[in-house]
Amino acid sequence: MRYPRNSIIGLALAACLGSAPTATAAAAPTASEPGAGLDRYYDQSLGWGRCAKGPGDTVGVGLDKAGAQCADVVVPLDYADPRGRTLTVALSRLKATDTRHRIGSILLNNGGPGGSAVESPPEFRAWMKKAGPRYDIVGFDPRFVGRSTPLDCGWPVGTNLFSAGLGRAGFERQVALQKDLAAKCRATDASVLPHVTTRNTARDMDVIRGALGERKISYFGYSYGTYLGTVYTQMFPGRTDRVVLDGAVDPREFGPRLLRKAVGANERALADWAGWAAARDETYGLGRTRAQVLATVDRVIRASARGPLTVGTAPEVFRLDDTHIPFILLAGLDSDTDVSRAALGEQVSVLNKAAAGRPTRLSPQFAGILRLATTGEQSPHGSVQSAVICGDRAAPRDPEVYWRDIERGRAAYPRFGALVDNIGPCAFWDRPREEPTQVTQDAKALIVSATGDPRTPHKGAVALHGMLPSSKLLTLEGANRHAIYGLYQNACVDDKVNDYLATGELPSRDQSCSK
């Protein structure tokens, strides 16, 4: 897990996503065409200029050094009231240098929801190789994210993703916490919460397309960004050129409890990691077999249930209980690279020492994860992520629904069942104003997925492929990895994506690559 840029994988880290009841609130008017009072937004001139907002703005300084420019696009808060309150959405752009063979603009989304992509054009240009100079590569921070008009509910934590723990008392504490998180958002941002939705972000994307002067726009989305891209194709059919959806979500399942669909994949990923750690027992001291390592993990969870584990040294000391430990494990399972597995090995080793009452020191990466889970440092990230998810689809409101699911899932999913089935702030949120988007329009897209994706399971990518008959599916076999292109450094996947971006031609049939 990397923050803030790799909110590509934030889908799994700051919200307990999954299937939920369909909203019953009346849909708001779509008001998504120029001429519906929106001409001034679509026709606006963008004031491109320097990105850095000051010497301490490392993202902006880096963009300026890379030759990017930045601008703000103005959008309505409520598309049904285009003359009302407005917001700004932050953009960055690396213009095409091969202007003779320019293809057009490609819009980037790193997932989340709540992930920034303003900083992403330079690295995408490098990943795109020969295709990169032919595009205007455009990153944006969706409404209420990062450099766009921000949302911050003042949470004491940076995520709502916690386990219910091993007993009823832990669950009751979670009910109180999640209710309080929802109340804080209602108290600070009630007037905007109904408009923090994927459908409104898709509307913003179409305004961006218009303001860029493009008849059609290409799009690359990771994780939640695959859902956003799918929604855009349904709301604005015919306005996309080349679309890549990496780490794809089944759009029928997106909502407050989506991670329930990934619980088995995460248990398997943990078991695979345990086998890796067992082969390195001299380094991590967690056990010499997969079973022994998993037993160590379970022992740590039980110890944290008896009393919080103290980790770290002054001034950063954290107390972690059985609601935190499964989150830490989940956060470390987004990838099966040796680097990612070593990071989780170090973290579990620290927790194992703490469970034995021994002093511990934290790596900067581990300290960052713990600050996310236990402090308000990343409150804006958790706030906007929850606002989008809760604004998109309703969740069960009765806490007993969650408790019954937790109890039923413990035996089959002993480490992650009580996390993915736990209650969240959406149980206490106002009901969404619009119905979830239904996929009824075909669209051309290249869907990328790993068979062992622990965040958005491969079967979700297969399902999306079935809903979009003109799409093609590119499968990475044998990898426990979420978000592949550019990040996983698999030459086969990267080359096939780049061929599509360069030519606009999807492969004649579905493709696969080896890990």
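A residue counts as buried when its relative accessible area is under 20%. In this predicted model, Cys-390 has a relative accessible area of 2% and is therefore buried. Its disulfide partner is Cys-426, with an S to S distance of 1.9 Å. The torsion about this S-S bond is about -85°, so the link is left-handed. Cys-390 belongs to helix H13 (residues 379-392), whereas Cys-426 lies in the loop between helix H15 (417-420) and strand S9 (446-450); the pair therefore ties together parts 36 residues apart in sequence.

## Other disulfides

The whole structure contains four disulfides. One of them joins Cys-153 and Cys-185, whose sulfur atoms are 2.1 Å apart. Its torsion of about 105° makes this disulfide right-handed. Both ends are buried: Cys-153 at 3% and Cys-185 at 0% relative accessibility.

Cys-492 and Cys-513 form another disulfide, with sulfur atoms 2.0 Å apart. Cys-492 is in helix H17 (residues 491-503) and Cys-513 in strand S11, so parts 21 residues apart in sequence are tied together. Cys-492 is partly exposed at 28%, while Cys-513 is buried at 2%.

## Sheet and packed helices

Nine strands build an open sheet of mixed pairing, in the order S1-S2-S4-S3-S5-S6-S9-S10-S11. Strands S1 (69-76) and S11 (511-514) each have a single partner strand, so one side of each lacks a neighbour in the sheet.

Strands S3 (residues 104-109) and S4 (residues 135-141) run parallel and are joined by five bridges. Helix H3 (residues 121-128) packs on the sheet, and its direction makes about 140° with that of S4. Helix H5 (residues 198-211) lies across S1, S2, S3, S4 and S5, at about 125° to S1.

Terms used
Residues are numbered from 1 along each chain as its sequence is written. This is a predicted model: local features need pLDDT of at least 70, side-chain atom pairs count only at pLDDT 80 or more; totals for chains, interfaces and linings use all residues. Side-chain values use heavy atoms; hydrogens and water are left out. Two strands pair if DSSP finds at least two bridges between them. Helices (H or I, at least four residues) and strands (E, at least two) are DSSP runs, numbered from the N terminus. Contact means heavy atoms within 4.5 Å. Axes are lines fitted to C-alpha atoms, for helices over the stretch in contact, and angles run from 0 to 180 degrees between N-to-C directions. A disulfide is a pair of cysteine sulfur atoms within 2.5 Å. Buried means under 20% relative accessible area, exposed over 50%, partly exposed in between (1.4 Å probe, protein chains only).
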